[in-house]
Amino acid sequence: MTVKKLVSLLALTYACGILSALVGQVAEASPVSLEEIDRLLAEERYEDANPLLQDQLPSLEESQNWPDLAHVYLWLGECAYVLADYRAALDYTQAAESIVVDQMNSNDFPEFGMLLQNLGVFYSRAGDFDQQMISYQRHFDYTIATKGRDSKEGADAFYNLGMAYLRRNQWDKTQAFIDTSLQISETLAYDTGIGDALNILSTCYANKGDYAQAASVQRQALKYDLGAYNYSVKLNNLAEYQLNLAQYAAAQRNFERAIEAGPNNWGPRLNLIRLFR
C-alpha cells in the first residue's frame, strides 16, 4: 500500500470516527418524546414506557413544566401498579397530586379525575381505607361536577364510592350507590359498568342471606365478563351461593369451570376440597 493510500485510509477512518461520535451525541440529545411514550401507554406497553417516563423527569423538573411533570408522575404511578410495585404507585401518584394542587388549577389538568380514582385504588391496596374514602369522595364530587351524573364516568364514580362503603361494611350505602351505578350503566349500554355493578350487588344480597337472589344476579354478571381471572372469580362466587342453597352438583360444576377459566385462582380449588370433605 502506498503512503498516499494509507494517509487517505487513515483520514477516512478518522472522519468516520468523528461522524459516529456526532451521531451518538445527537442520539443522547434526542430522548424519546412524551407523545411517543403516550402511544406506548395507549398500547398498554407499561414495561417499555416505564424507563422512558423516568428519563423525562430531570428535564421536566428543571424546566418546571408542571402539566407534563404531573402527567409523567401520574403514569409512572400507573406503570408501577401494573408492575406490582404498589408503594411506588402511591408515591408517584401523590407526587402528581401535589403538583396539580400546589402549582396548577385542577381544571387545567384533564387527567385529574383519573388521578383521584387511582389514589383511591392505591390507598385501598395499602390498607388505608380512610384515605381511600376521602379520595373516592373527591373523585365523586369532581366527576359529577365536570362529567355529569349520567355519564360513564358518573357510573364509575357511584361504583367507586359504593366500594369504599363496602370496605366499611356499610351494606345499605354500598347497595344504594351500586344500584345507581347500574341504572346509569344500563341507560348508556355501558357493559363494563353493568358487569361490575351486578357482581357487587350479588355480594350485597349474599350478605343479607338471600343466596337465591345473589345467584340470580351473579348469573347476569357473568354475561358481561369473559376475561379469564375475573370470570373465574365470578364463577366461584356463583358456586358458593349454590353451595349455600344445597345445590351441590351445580356448585361442583361451577367450581370446576372456575378452575378452568382461571388456573391462578386458588379459591375454587379450596372450595372443591371443602365440598368433598
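## Salt bridges and helices, step by step

The side chains of R45 and D48 come together in a salt bridge, 3.1 Å from N to O; the term stands for a side-chain nitrogen of Lys or Arg within 4 Å of a carboxyl oxygen of Asp or Glu. Keep in mind that this is a predicted model, where local features need pLDDT of at least 70, side-chain atom pairs count only at pLDDT 80 or more, and totals for chains, interfaces and linings use all residues. Residues are numbered from 1 along each chain as its sequence is written, and side-chain values use heavy atoms, with hydrogens and water left out.

Back to that pair. R45 also has a salt bridge with E43, with the closest N and O atoms 3.2 Å apart, and E43, R45 and D48 are linked in a network. How exposed are R45 and D48? R45 is partly exposed at 38% relative accessible area, and D48 is partly exposed at 39%. Here buried means under 20% relative accessible area, exposed means over 50%, and partly exposed is in between, using a 1.4 Å probe and protein chains only.

A search of the whole structure turns up six salt bridges. One of them joins D130 and R168, with the closest N and O atoms 3.5 Å apart. That pair links distant parts of the chain: D130 sits in helix 7 (residues 129-146), while R168 is in the loop between helix 8 (152-167) and helix 9 (171-188), 38 residues apart. D130 is exposed, at 56% relative accessible area, whereas R168 is partly exposed at 23%.

Now for the overall picture. The chain has 14 helices and zero strands; both are DSSP runs, numbered from the N terminus, with helices being H or I of at least four residues and strands being E of at least two. Of the 277 residues in the chain, 42% are buried. Take the contacts with a separation of 6 or more: 49% are between residues 24 or more positions apart, where contact means heavy atoms within 4.5 Å.

Which residues of helix 3 are buried? They are Y46, A49, N50, L53, Q56, L57 and L60. An α-helix has 3.6 residues a turn, so residues three or four places apart point the same way. The cover over the buried residues of helix 3 includes helix 2 (34-42) and helix 4 (66-82). Leaving out residues up to four places away in sequence, D68 touches L34 and L60. D68 and L34 are 34 residues apart in sequence, yet their C-alpha atoms are 8.5 Å apart in space.

Last stop: the loop between helix 13 (248-261) and helix 14 (267-275), where W266 lies. W266 is exposed, with a relative accessible area of 57%.
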